[in-house]
Amino acid sequence: MKFTLFNLQIVLLACLLAFAYANEEAEVVKEFSEVNAEDFKYGLELTNKIRAEQEGHLQDKDNWIVKGEYEYISKEGKPIKVTYTADEHGYHPHVEQ
């Protein structure tokens, strides 16, 4: 599976939906974004200890190389951190609990 712009949008949407679901009236502590034609990066940190950062660049006409991480506190009170890369070979997450 090629990692195309459409796949990138799906991954970003899934992350944002997860944050919105977990967000119980949290406020933004830190936020940044930079989007260009061939690269991007963004970050978000909320008062409820949800944090996300992602960056990527266009490898060629159709493929992006993306890396990032997000972390949050589970409903059981455990910190969860997911680091990942995504490329023309797919999405490669690593979960730390």
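Tyr-70, Tyr-84 and Tyr-91 are linked into a cluster by ring pairs. Two rings of Phe, Tyr or Trp (its six-membered ring) pair if their centres lie within 6.5 Å. The model is predicted: local features need pLDDT of at least 70, side-chain atom pairs count only at pLDDT 80 or more, and totals for chains, interfaces and linings use all residues. Residues are numbered from 1 along each chain as its sequence is written, and side-chain values use heavy atoms, with hydrogens and water left out.

**Aromatic pairs**

There are 3 aromatic pairs in the structure. The ring centres of Tyr-70 and Tyr-84 are 6.3 Å apart and their planes stand at 50°, so this pair is tilted. Planes under 30 degrees apart count as stacked, over 60 as edge-to-face and the rest as tilted. Because Tyr-70 lies in strand β4 (residues 64-73) and Tyr-84 in strand β5 (residues 79-87), the pair ties together parts that are 14 residues apart in sequence. Tyr-70 and Tyr-84 are both buried, where buried means under 20% relative accessible area, exposed over 50% and partly exposed in between (1.4 Å probe, protein chains only).

**Strands and hairpins**

The protein chain has 1 helix and 6 strands, in the order α-β-β-β-β-β-β along the sequence. Helices (H or I, at least four residues) and strands (E, at least two) are DSSP runs, numbered from the N terminus. Two strands pair if DSSP finds at least two bridges between them.

| Strand pair | Bridges | Direction |
|---|---|---|
| β3 (residues 51-58) and β4 | 8 bridges | antiparallel |
| β4 and β5 | 8 bridges | antiparallel |

Gly-68 in β4 stands opposite Gln-54 and also opposite Tyr-84 in β5. The hairpin from β3 to β4 passes through 5 residues. The hairpin of β4 and β5 has 5 residues between the strands, and Gly-77 takes a positive phi near 90° there.

**The chain as a whole**

Of the 97 residues in the protein chain, 31% count as buried. The protein chain exposes about 6,700 Å², of which carbon and sulfur atoms supply 54%; accessible areas come from the Shrake-Rupley method with a 1.4 Å probe, and for residues only the protein chains shown count as cover. Among contacts (heavy atoms within 4.5 Å) between residues at least 6 apart in sequence, 27% join residues at least 24 apart.
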